[in-house]
Amino acid sequence: MAEIQPDILILGGGIAGLWTCAVLAKAGLDVLCVETATLGATQSIGAQGIIHGGMKYALTGQATRAAQAIAGMPPIWADCLAGRGELDLRAARVLSDHTLLWTTPGLLAGAVSRFAARAAKSVLRTEVTDVPAAERTGPFAGVKGIDVYRVGEPVLDVASVLAVLAELCGPRLRRVPLERLTVTGGSRPMVTIKEGEGELVIRPRIMVGLAGPGNAAIAKAVGATGVKSQLRPLAMVMARARGGAELPMIFGHCLGASNLPRLTVTTGRDGDGRNVWYLGGTIAERGAGMEPAALQVEARAELDACLPWLGLAQRKDVSLAVVRWDRAECQTADGSRPDEPVLLPAVAGGDNAVYFGWPTKLAFAPRMAELVGEAARSMGISGGGRAGSASESSNWLALQPAQVAPLPWDDAAAVWS
Ligand SMILES: Cc1cc2nc3c(=O)[nH]c(=O)nc-3n(C[C@H](O)[C@H](O)[C@H](O)COP(=O)(O)OP(=O)(O)OC[C@H]3O[C@@H](n4cnc5c(N)ncnc54)[C@H](O)[C@@H]3O)c2cc1C
């Protein structure tokens, strides 16, 4: 049996685990990250990739806590994407440097959504500018009877972000199938990895569960009964054209007769180079309780209501598929989304601790890394104090590297109709 004792062991290679591992490694901490499946498999790879600055939480016209908390995130990402931030993300792909906010045609809905868009504009730090009819391009070119706003929230190709972060983590990141990994609590929490006939034991000073929906099982294994998480389901609809036709690129939110985005459309590229629309917003929340066939009918109706000038109702060459996700978060009293990322201490005994974290949004990943860094400093763990790194151990290096999860539209399990 071999044993390694890193400062920090992260369980989970989604956006939170990878960002945290990369930042702490850069700061000189002896950090390792274990992923049991593929990187970002349970949520991050399914994200729409919008680096929110609070627009969707500010549509009430109030500077809500959620809007204020996330408002600082786009500049941090922008610095990283430009290569001057805490991490160098220049190799990640920016799909669009902004989103659009457009209002639905029609007198009543139009008036409500115009009000909501202007309210958001008045409370946000994120730039929101009107796009007059004459300046509209792409699928919005020449469209009259609606308002269009340009919002300074970029949209990223999440797979490329995860790949760059994995590269930055380097040998500190490894994949261990769940059935070969045992997590144990007690006074010195540890992870045991079965390797053929032998075992590798990892006893970190701090163990951090950043495993999304997997945090619940880890909390149970270490006996952290006070750590409560919640799952909020979403059913996302994907749409792509057949027979050589192509859907136009759209990144943005359609506002309806409420202050929540009615439909959020982002556009990905599948393995065959075709554009795929990925539909979120209130339809994805409602869709969680619907059968795929009924949800697809509703999605076609929503597309037609939000983009009527594209004539999608008449098009027979557009295929749809449904993909379901559970958003994993720290439990709130009423089951609603927490306003900010959460890092909870679970087991603290002498020199060792276990924490659980949920970023709540992809955009909050830098903040999660900051919280884990603060927890490490509070235990006197800082960079530069150690001679060797646990990641140099041959038993650790013998484990498999981890791969990025397939994008939802490239997943062979997706059923298109
Ligand atoms: C459909 C959808 C759209 C979204 N769109 C956006 C958006 O546009 N912008 C935004 O900011 N946020 C968005 N979000 C939210 C965002 O995706 C999540 O908040 C974020 O990705 C969570 O990241 P994570 O690293 O905590 O978890 P995950 O991405 O779930 O990663 C957890 C990882 O842990 C691994 N794991 C599980 N169990 C274990 C274990 N025992 N040991 C080790 N590893 C384990 C999993 O395989 C997985 O790779 C969206 C979420 C969904 C579902």
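Taken over C-alpha atoms, the centres of domain 1 and domain 2 sit 31 Å apart. That's a handy way into this structure, which is a predicted model. The domain assignment puts residues 2–45, 160–228 and 336–410 in domain 1, while domain 2 is made of 50–156 and 231–330.

## Where the two domains touch

How many residues does each domain put into the contact? Domain 1 brings 26 residues and domain 2 brings 28. If you sort the domain 1 side by residue type, you get 16 nonpolar, five polar and five charged residues.

## The ligand's surroundings

Now for the ligand. There are 39 residues around it, and the ones that come nearest are Gly12, Gly14, Ser44, Gly212 and Gly214. Four elements each supply at least two residues of this shell: α1 (15–26), β3 (31–35), β14 and β18 (318–330). Which of them gives the most? That's α1, with three residues. By type, the shell around the ligand splits into 19 nonpolar, 17 polar and three charged residues.

In soluble globular proteins, nonpolar side chains tend to be buried together. Here, the largest nonpolar core has 126 residues, and Leu18 and Leu279 have the most contacts inside it. Domain 1 and domain 2 both give residues to this core, so it too lies between them.

Leaving out residues up to four places away in sequence, leucine 18 touches Gly13, Cys33, Leu39, Leu162, Leu165, Ala166 and Cys169.

As for leucine 279, you'll find it in β17, where valine 265 stands opposite it. Strand β17 covers residues 275–280, and five of its six residues are buried. β17 has strand β14 (residues 229–241) as an antiparallel partner over three bridges, and in β17 tyrosine 278 stands opposite methionine 238. Strand β16 (residues 261–269) also runs antiparallel to β17, joined by six bridges. β16 and β17 form a hairpin with five residues between them, and in the turn glycine 273 has a positive phi of about 85 degrees.

Another set of strands is worth a look: β10 (residues 181–184), β11 (residues 190–195) and β12 (residues 198–202). β11 pairs in the antiparallel sense with β10 over four bridges, and with β12 over five bridges. Leucine 181 faces isoleucine 193 in β11, and valine 191 stands opposite isoleucine 202 in β12.

| Hairpin | Residues between the strands | Glycine and its phi |
|---|---|---|
| β10 and β11 | five residues | glycine 186, near 90 degrees |
| β11 and β12 | two residues | glycine 196, near 55 degrees |
| β16 and β17 | five residues | glycine 273, about 85 degrees |

## Two residues to look up

Glutamate 195 is found in strand β11. Is glutamate 195 buried or partly exposed? A residue needs 20 or more other C-beta atoms within 10 Å to count as buried. Glutamate 195 has 15 of them within 10 Å, so it is partly exposed. Not counting residues up to four places away in sequence, glutamate 195 touches Leu200 and Asn395. Glutamate 195 and isoleucine 218 are 23 residues apart in sequence, and their C-alpha atoms are 20 Å apart in space.

The other one is threonine 360. Threonine 360 is not a glycine, yet it has a positive phi of about 75 degrees. Where is the place of threonine 360? Look in the loop between β20 (352–358) and α9 (365–378). Threonine 360 has 23 C-beta neighbours inside 10 Å, so it counts as buried.

Technical notes: Residues numbered from 1 in each chain as written. Predicted model: local features only at pLDDT ≥ 70, side-chain atom pairs only at ≥ 80, totals over all residues. Buried ≥ 20, exposed ≤ 12 C-beta atoms within 10 Å, placed from the backbone. Pairing = 2+ DSSP bridges. Near = placed C-beta within 6 Å. Nonpolar A, V, L, I, M, F, W, Y, C, P; charged D, E, K, R; others polar. Domains from an automatic or database assignment. Contact = placed C-beta atoms within 7 Å. Core = buried A, V, L, I, M, F, W, Y, C linked by C-beta atoms within 7 Å.
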